[in-house]
Amino acid sequence: MRLLVTGGCGFIASTFLRQALGRAEVERLVNVDALTYSGRRENVRELEGDARFRNVELDICDAEGVERLVREERPDAVINFAAESHVDRSLFAARRFVRTNIEGTLCLLEAARGLQLDSGRQVKFVQVSTDEVYGDLEDDGGAFREDTPLDPRNPYSSTKAGGDLLALAFARTHGLWLVVTRASNNYGARQFPEKLIPLMITNALEDKPLPVYGDGKNVRDWLWVDDHCEGVWAALQRGQAGQVYNFGGASERENITIVKAILAELGKPESLIRFVGDRPGHDRRYAIDFSRATAQLGWRPAMQFEEGLRRTVAWYVENQAWWRPLRDASFEDYYRQHYGRLGLKA
Ligand code: DAU
């Protein structure tokens, strides 16, 4: 199989790339990444020695560039992980979310369709998305299913929903073999330290306050990144065209429980916790029903959350050279300016 993967210098897709190179059926693996703030070349450095792998610095919104590359590489499948993904950033910089998550998806869909028309053979497309497109849930039970109506609540999730709908429309109108995958909160090694788990670990390691939004009782379902990537692979191999597949970790936890577990693991005091103003429009609870993925793809999450969290903490302890440069002046500036403006963090 010849695969074209986008966003491969980011957290989730770099895990997918690493897994893919371990699969004998992958004969070509092309990574397209614009290297924005969260795309790190070092995330794929160890893959660069493999002759099957090619790294291309390219913005998925560059329609001509994408089309040229797709014609040159002639992939059997395009797997779109590239996205602006941080909810807090979407609150003050929504335009670039519209650009990457909707327009970028469109460029890839058009290029895949063009190749399919040209070559007369099927080009598969996997649109990697999020459970946030379903909105949020009350505290009292229930879980998102694939037929739950879309109800995105913030600019990030709205643009992901837009990308999903566009992708599904291409499947119907242009006969593209396409599946959409929607996963819950990922965690693991190499996640940019602006998301809850790596932010709390790295702040704790630097003895900085740990900012918990609201009452800390918002619930997320945590999915080990390797499990998620196995699911995306299973959807590509065994998915039914035009379907949506949910992936969850069966690990619902309140934010405050996670923050305390991280402090305990690092031997740091709970006095580092700071309850700060709530995120505007903060979704209360996410939970995901992944029974379709189990029934049709044979997929279920393998990692137990406490073990995964221990491994994640250990990775950030052992790989300080990876994250310390990311928390530079621009990172601090981002926090001061934007969070300060929103009144989110003291
Ligand atoms: O559900 C999947 C989604 O999960 C993905 O599509 C998004 O790309 C990903 O960012 C994530 O969205 P969340 O908003 O749930 O993730 P985040 O890590 O930003 O926040 C997790 C929870 O922790 C949320 O309830 C907000 C809270 N939080 C987050 C940060 C960054 C805090 O209390 N303090 C913080 O400083």
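How many of the 11 residues of helix 1 are buried? The structure examined here is a predicted model, in which local features need pLDDT of at least 70, side-chain atom pairs count only at pLDDT 80 or more, and totals for chains, interfaces and linings use all residues. Residues are numbered from 1 along each chain as its sequence is written, and side-chain values use heavy atoms, with hydrogens and water left out.

To take the opening question, nine of the 11 residues of helix 1 are buried, so this helix is largely enclosed by the rest of the structure. Here buried means under 20% relative accessible area, exposed means over 50%, and partly exposed lies in between (1.4 Å probe, protein chains only). Helices (H or I, at least four residues) and strands (E, at least two) are DSSP runs, numbered from the N terminus. The buried residues of helix 1 are Phe11, Ala13, Ser14, Thr15, Phe16, Leu17, Gln19, Ala20 and Leu21. Their cover includes strand 1, strand 2 (28-33), strand 3 (53-57), strand 4, strand 7 (185-187) and helix 7, where contact means heavy atoms within 4.5 Å.

On the helix 1 side, the contact is made by Phe11, Ile12, Thr15, Phe16 and Gln19; helix 7 brings Val225, Asp226, His228, Cys229, Glu230, Val232 and Trp233.

The largest nonpolar core has 37 residues, and Leu3, Phe16, Leu29, Ile79 and Phe247 have the most contacts inside it. Such a core is a set of buried Ala, Val, Leu, Ile, Met, Phe, Trp, Tyr and Cys residues joined through side-chain atoms within 4.5 Å. Helix 7 gives the most to this core, with seven residues. Leu29 touches Leu3, Val5, Leu17, Ala20, Leu21, Arg52, Phe53 and Arg54, not counting residues up to four places away in sequence. Apart from this core lies another, of 32 residues, among them Val32, Val70, Ala171 and Tyr286.

Helix 7 also holds Arg238, which is partly exposed, with a relative accessible area of 45%. Arg238 and Gln296 are 58 residues apart in sequence and 7.5 Å apart in space, C-alpha to C-alpha.
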